[in-house]
Amino acid sequence: MPTCNNWGVNGIVTVLSDFGTRDGYAGAMKGVLCREHAAARVVDLTHEIDPGDVLGGAFALAQAAPCFPSGTVHLAVVDPGVGSARRALVVEEKGSLFVGPDNGLLTLAARGDAWAIDRIPPEWDPHPTFHGRDLFARVAGRLAAGAAIGDFSTGKVDPIRIGWDAAKGDEGEVVHVDRFGNLITNFAAAHPAQAIAIGGTVVPRVRTYSDVARGELLAYLGSAGWLEIAVRDGSASERLRIVRGAKLRARR
Amino acid sequence: MPTCNNWGVNGIVTVLSDFGTRDGYAGAMKGVLCREHAAARVVDLTHEIDPGDVLGGAFALAQAAPCFPSGTVHLAVVDPGVGSARRALVVEEKGSLFVGPDNGLLTLAARGDAWAIDRIPPEWDPHPTFHGRDLFARVAGRLAAGAAIGDFSTGKVDPIRIGWDAAKGDEGEVVHVDRFGNLITNFAAAHPAQAIAIGGTVVPRVRTYSDVARGELLAYLGSAGWLEIAVRDGSASERLRIVRGAKLRARR
Amino acid sequence: MPTCNNWGVNGIVTVLSDFGTRDGYAGAMKGVLCREHAAARVVDLTHEIDPGDVLGGAFALAQAAPCFPSGTVHLAVVDPGVGSARRALVVEEKGSLFVGPDNGLLTLAARGDAWAIDRIPPEWDPHPTFHGRDLFARVAGRLAAGAAIGDFSTGKVDPIRIGWDAAKGDEGEVVHVDRFGNLITNFAAAHPAQAIAIGGTVVPRVRTYSDVARGELLAYLGSAGWLEIAVRDGSASERLRIVRGAKLRARR
């Protein structure tokens, strides 16, 4: 167990899910957070992850969570395996805690120690289709209120990790398509690509959108720390008819 | 009037509407809440209820509100009758208060005493198309700040109730279709159904998603307390082409 | 510089963007706000502005911001010119501050003094495609924490203003189409129109929705302070196939 417990000092609990909001399920999780920790400061990250898209949820969590102050508790639930034998986790990263299912959702954002949530009060009896409300939100709320990880865990585990590796050579792929139709690649910031070939198109690398004319394609170092492909004031995804997983080739 | 007034002690005010967020109307309601009660802790439930779908709003509110601690104030506005003679209400449920129009929106979640909001300062003069901002948010903010119900009401009324009854026999119906395409039915938890027939399909009852193979239909006791029909890692609504109101038959 | 600094006293920071929520970008901005100002009370206005729709963002901000108490800090980012030479701004309005790009987004809501953000610590080094996270959120968080505008600005500037003028005669236009399909016009509250002609249809002016039958068109003074055209329990935009910019003629 960590000897230093400073999470919860700021009272912030972020919430991410694939629940949407219109059915009240996301609201139910937030209610439980407030019930378990009366002073919680709940901040929505998103509830619009595509249903069951664990990788998409992991991407969003990895964008947002590092911006929060140390001591934040992050509750994240994209959980197609709910009710099965998949484990529940608390993962630490730089003094912040992440609570959610053991399916890779947490581990792009949190690469530190991971504990199995395997020690919950029997009276909780979580509903087999809604651990977000009955298990994860309760644990997250209590951790934010100052509980110890050991209150809910008997020990560390090796979590499932998903995601992508940085391209080692010039063969890469699209790892995320964002709302603007920008294509996030697995070419890391230090990659020396001068252009990226995608389908039959070669996209030159520049600094930012305004370096090309409106409607033109560009490649650039994106804010997530990876090379991206975009259309200025447009959608590269629509223009190139590209979805996650498309193959790329860097040109030096 | 209730002799005990403990709402507002936690400062939480939840907000539910069919306004979406992109026009700023939901933001306007939250601004008024903050203006009326500087220390309000505003928590969004949803603003994505289908326009005018009172029953859908009632379902969402009934999922989320019971999870919040006692003393919460819930502001809910799905109000196609705004500006007409429909009444405005405060309804109590287990020490929490619900504020909104008298059209059934509140009464799935709140089954306690109801008061008409019929005593507002003349200078408020609510705009006839936006009581959410000019009436309901003001009352909710002030109640959260510790005002008495009697400050806004001359007495109790019998509110409009909508929704569904638990199926008494084996004839039931779909009362809600959620984001995942799960079909929530009006067969209550205690119903002895071993399977549910819908259209030409008979769906067996199991415990949770992982009890069937991916892509298979299942019936199970849902987290809302009703039997549900789902497709594991898929959408029962799309598979079966089912919308709210579809008829069902339980098999024992 | 203003001699009186009362913003931040309430700790409220609102956030508006065209980022959606599913990529984590909006969450990242909120994380930075919390990092810069541990006690910030973050309130989402919306992240669902159409990508790059500065005018749509300005409309939403102008609906919501005036409802918040004086002293609020409003962070608004719809920023297709990010990374170019476009200026960054702080604009004051009745004791509240607005932080965002100088493209007209802020100036429907805030018509007071404007300062250029031209004095930021060199180590901030904002990413050229994400000033929302690396510049605007930082400035907004620090202003909410009590920083002076002069900490980030060397002086006042004349901001870009967009939007519409109130129709002076009987020729008007649709300036916004809202979620309900209501058409907001540029006929001001005092305009003596008795009806509005749109396409081949003449829509009579009444007080509110319930003054016409379900499915009927109506014109009325909307909650935004402009005449609007709606269909009771329906969508005027769909019925009339109207988008922003459509021409109108008032009938007296």
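Visitor: What should I know about numbering and confidence limits?
Guide: Residues are numbered from 1 along each chain as its sequence is written, and chains are lettered from A and ligands numbered from 1 in the order in which they are written. Side-chain values use heavy atoms, without hydrogens and water, while in this predicted model local features need pLDDT of at least 70, side-chain atom pairs count only at pLDDT 80 or more, and totals for chains, interfaces and linings use all residues.

Visitor: Which residue of chain A comes closest to the rotation axis?
Guide: Chain A superposes on chain C by a rotation of 120° with 0.0 Å of shift along its axis. In chain A, the C-alpha distance is 4.7 Å, and the residue is A:Arg41.

Visitor: Which three residues of chain A supply 27% of the area that chain A buries against chain C?
Guide: Contact means heavy atoms within 4.5 Å, and 34 residues of chain A are in contact with 31 residues of chain C. The area buried (accessible area, 1.4 Å probe, that two parts lose on being put together, summed over both) is about 2600 Å², with 52% from carbon and sulfur atoms. More than any other three residues, the suppliers are A:Cys67, A:Arg179 and A:Ser223.

Visitor: What share of the area that chain B buries against chain C comes from B:Arg22, B:Asp23 and B:Tyr25?
Guide: Here 31 residues of chain B are in contact with 34 residues of chain C. Chains B and C bury about 2600 Å² between them, 52% of it on carbon and sulfur atoms. B:Arg22, B:Asp23 and B:Tyr25 supply more than any other three residues of chain B, namely 24%.

Visitor: How many residues of helix α2 of chain A are buried?
Guide: Helices (H or I, at least four residues) and strands (E, at least two) are DSSP runs, numbered from the N terminus. Buried means under 20% relative accessible area, exposed over 50%, partly exposed in between (1.4 Å probe, protein chains only). The buried residues of α2 include A:Val54, A:Phe59, A:Leu61 and A:Gln63. Helix α2 (residues 54-64) is largely enclosed by the rest of the structure, because the buried count out of eleven is nine.

Visitor: Is C:Leu108 buried or exposed?
Guide: C:Leu108 sits in the loop between β5 (96-101) and β6 (114-116) of chain C. Beyond four places in sequence, C:Leu108 touches C:Ala58, C:Phe59, C:Ala62, C:Ile162, C:Gly163 and C:Trp164. With a relative accessible area of 11%, C:Leu108 is buried.

Visitor: What is the relative accessibility of A:Arg142?
Guide: A:Arg142 lies in helix α3 of chain A. Leaving aside neighbours within four places in sequence, A:Arg142 is in contact with A:Glu36, A:Trp124, A:Ala147 and A:Phe152. A:Arg142 counts as partly exposed, at 29%.

Visitor: What is the phi of B:Arg241?
Guide: Most residues other than glycine have a negative phi. B:Arg241 lies in the loop between α4 (236-240) and β13 (247-251) of chain B, and is exposed at 78% relative accessible area. Its phi is positive, near 55°.

Visitor: Where is C:Asp125?
Guide: C:Asp125 is not a glycine, yet has a positive phi of about 45°. At 61% relative accessibility, C:Asp125 counts as exposed. Its place is the loop between β6 and α3 (131-144) of chain C.

Definitions and conventions:
Least-squares fit on C-alpha atoms with pLDDT ≥ 70 in both.
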